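I opened a new structure today and kept short notes on what I looked up. The entries follow in the order I made them.

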Amino acid sequence: MDAAYRGDRVMVHYDPFSPMDEVRVYSLERQFLQVAKRYQRERGAHPGPAPRPDETPLDHEYLKLLEERHRQQQQDEAKRGLD
């Protein structure tokens, strides 16, 4: 299906007398949008969407922050002569 329709609500019609590998996609207002390839997906058969490059998990950011604070604390203690 065209990427422009991802996230939109659509109606998918399957005609058993048409080619078995295609479906017709309509808007909720019953306006024809396109003929798309029929795809039968089973739950868990495919990985989820990849995270966007600009979205880094917060857990990793928090761990990096803790590591940096720990290094800074070690440097401060080394300057004061504490081991």
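Which side chain meets that of Glu68 in a salt bridge? I found Arg71, with 3.2 Å from N to O. I note at the start that this is a predicted model.

**Entry on the salt bridges**

I looked up how many salt bridges the structure holds, and there are two. Beside the bridge of Glu68 and Arg71, I found one in which Glu67 is joined to Arg71, with the closest N and O atoms 3.8 Å apart.

Glu67 and Arg71 are both in helix H1, with a spacing of four residues, about one turn of the helix. Glu68 and Arg71 are three residues apart in helix H1, so about one helical turn separates them.

Glu67 has a relative accessible area of 45%, so I list Glu67 as partly exposed. Arg71 has 42% relative accessibility and is also listed as partly exposed. For Glu68 the value is 42%, which again means partly exposed.

I stayed with helix H1, which covers residues 58–80 and includes Leu65. Leu65 has a relative accessibility of 40% and counts as partly exposed, because the class runs between 20% and 50%.

**Entry on the sheet**

Next I turned to the strands. I found an open sheet of three strands in the order S1-S2-S3, paired antiparallel. Strand S1 (11–13) and strand S3 (32–37) are the edge strands, and each pairs on one side only. From one strand to the next, the twist averages 30 degrees.

Strand S2 covers residues 22–26, and three bridges join S1 to S2, the two running antiparallel. What stands opposite Val12? I found Val25, in S2.

**Entry on the aromatic rings**

How many aromatic pairs does the structure hold? I found one. The ring centres of Tyr26 and Phe32 are 5.6 Å apart and the planes meet at 70 degrees; the pair is edge-to-face because angles over 60 degrees are classed that way.

Terms used
Residues are numbered from 1 along each chain as its sequence is written. This is a predicted model: local features need pLDDT of at least 70, side-chain atom pairs count only at pLDDT 80 or more; totals for chains, interfaces and linings use all residues. Side-chain values use heavy atoms; hydrogens and water are left out. Rings of Phe, Tyr and Trp (its six-membered ring) pair if their centres lie within 6.5 Å; planes under 30 degrees apart count as stacked, over 60 as edge-to-face and the rest as tilted. Buried means under 20% relative accessible area, exposed over 50%, partly exposed in between (1.4 Å probe, protein chains only). Two strands pair if DSSP finds at least two bridges between them. Axes are lines fitted to C-alpha atoms, for helices over the stretch in contact, and angles run from 0 to 180 degrees between N-to-C directions. A salt bridge is a side-chain nitrogen of Lys or Arg within 4 Å of a carboxyl oxygen of Asp or Glu.
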